[in-house]
Amino acid sequence: MSAGRAAEGAGCVTWWGLSPARDLLAAGPASREEEANVLLVGSADPRHILKTISGLRIEESLHVWVIESSMEVVARQLLLLYLALVPQESMGLNEKTEVYLEVFGNGEIRAQTEEILRHAASQLSLCVTETMETAAHPCLNTTLLKFKERDELVRIFKSWIPPQSSSERSVPIAMSKAWDYRVRQHLGTRYDSKRGCFDWDLTMKLQDKGCGVINKQQYVKWRERGLAFEMREGVYQITNPTLLSSRVFRQRGNKVAVRGYWGDIVSSPYLAFGIETDDKSLLKRQNEKHIKTAQDISFANVQALFQSLSSRRGCPSPSQSDTEGQEPSTQIDQKSVPIKDLMRLSGLSVTFLPLDSLPKLPEKEKYSQFFKTIYLSTTCVHQLGPTMTQITVPDAVVVMELAKYVLDLNKDQEAGFAEKVASIALEAGFEPWCDGKSDDVHAVFTPKTK
């Protein structure tokens, strides 16, 4: 066995972002408009959407456009948005926050969470198949996807729903085995001393980068089992199907698709919501140790973001007003919230674009000088090209995620990545925004002044 493959730590599918949530309308020069279009490329999860919504003024409206690298990631984005939009009458705030984080960052989930996930997948599948031209919900708009992409979405959603008859059931993939396979592949001969490797990555890498709130016990458990969020006494042993995907390998000259867990096993899902907070009391220390953990901060941040969603809630649909305040007849009805009964947020919409659409947007008149902000993740920064200036407004902002939390890179490689990002932006017609505070997590650019 080899000493392991360092580059395997981040995986080949980005299930969660490797940077904290950002209000993208506050990322650059302070020029706000009543209506803003924001393009997210490879963001992997809705953290930036939720954070940006929380910073909106009542009179402002926001339209988010999302491009991802795979339909599995699109499906998860839709699911997480669905959960965020479930009204409080159907699921209490605490439970909704717990379920969201569990689906977001746990390889294994509880039985009650699986039930919620199953009903959500069923509703999302109907949403995609039944809405060809008009979106069933403004924040779950898939009408611009290609037909084959919509078919793929439906297939993915149905794969999350276990067949009821035993004759239809195939042997389920055990996340515990899929996760352990990745850990063995990553560590190689160091597997037998894996706890020491986990401790090194936490202490010498994450905590050295300012992530002191990530608790050692919780981080090691996530590295060993894929369990990041355990907020209740419960049994976490059902595979989270939203974190499974297929990866193509070559075997004896043939291509073979292997289903398993192919995402991050090193950086952790704590980065998205758990290492920064506006509530500084959550960052207090006692005897030089943090009192709260990244799990606590994730819970507080996500709950606060959900509260800000509720504050923008528009007029309920007829079905919502009829049932509001009534107790659901059964537990299953409570967990199965139709798309039409999700919260409708005033002045907000989210539209998913085809996977290959970024280079085609400049060719369409609709997107000419259209986007106020463009966000590109570490895996997508290379897609920023000279034609992108055609789709941005004159005072636009481009936010590019840097590789600070890609733990497989050393400091020289991390610095080299930042230089490469700056070079890509300059060649595309954007220059560094020099008025902002230095940030080694995201690089911010604006169109070159002529």
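# Reading strands, helices and one loop serine

Q: How many bridges join strand β1 (residues 35–41) to β10, and do they run parallel or antiparallel?

A: Helices and strands here are DSSP runs, numbered from the N terminus (H or I, at least four residues, for a helix; E, at least two, for a strand). Two strands pair if DSSP finds at least two bridges between them. Four bridges join β1 to β10, and the two strands run parallel. Within this pair, L40 stands opposite Y375 of β10. The model is a predicted one, in which local features need pLDDT of at least 70 and side-chain atom pairs count only at pLDDT 80 or more, while totals for chains, interfaces and linings use all residues. Residues are numbered from 1 along each chain as its sequence is written, and side-chain values use heavy atoms, with hydrogens and water left out.

Q: What is the order of the strands in the open sheet of seven?

A: In a regular strand the side chains alternate between the two faces of the sheet. Here the order is β9-β2-β1-β10-β11-β13-β12, with mixed pairing. The edges are β9 (348–352) and β12 (430–432), each pairing on one side only. From one strand to the next, the twist averages 25°.

Q: Which strands does helix α1 (residues 47–54) lie across?

A: Axes are lines fitted to C-alpha atoms, for helices over the stretch in contact, and angles run from 0 to 180 degrees between N-to-C directions. Helix α1 lies across β1, β2 (61–67), β9, β10, β11 and β13 (442–447), and runs at about 170° to β2. Helix α2 (residues 71–85) lies across β2 and β9, at about 160° to β9.

Q: Which way do β5 (residues 245–251) and β6 (residues 254–260) run?

A: They run antiparallel, joined by seven bridges. Q251 has N254 of β6 as its bridge partner. The hairpin has two residues between the strands, and R252 takes a positive phi near 50° there.

Q: What is the angle at which α6 and α8 pack?

A: Two packed helices are described by the angle between their axes and the distance between the axes. For α6 and α8 the angle is about 100° and the axes are 7 Å apart. That makes α6 roughly perpendicular to α8 (under 35 degrees counts as roughly parallel, over 145 as roughly antiparallel, 65 to 115 as roughly perpendicular, the rest as oblique). W179, V183 and H186 of α6 meet W222, R223, E224 and R225 of α8; contact means heavy atoms within 4.5 Å.

Q: Which residues of helix α8 (residues 216–225) are buried?

A: Buried means under 20% relative accessible area, exposed over 50%, and partly exposed in between (1.4 Å probe, protein chains only). In α8 the buried residues are Q218, Y219, V220, W222 and R223. Their cover includes α3, α6 (175–187), α7 (194–206), α9 (270–273) and α10 (294–311). N215 caps the N-terminal end of α8, with a side-chain oxygen 2.9 Å from the backbone nitrogen of Q217. Just after α8, G226 takes a positive phi of about 80°.

Q: Where is S377 found, and is S377 buried or exposed?

A: S377 is in the loop between β10 (371–376) and β11 (392–401). S377 is buried, with a relative accessible area of 4%. Leaving aside neighbours within four places in sequence, S377 is in contact with V41, G42 and E401.

Conventions
A polar contact is a pair of N or O atoms within 3.5 Å; within protein, one must be able to donate a hydrogen and the other to accept it, and residues adjacent in sequence count only if both atoms are side-chain atoms.
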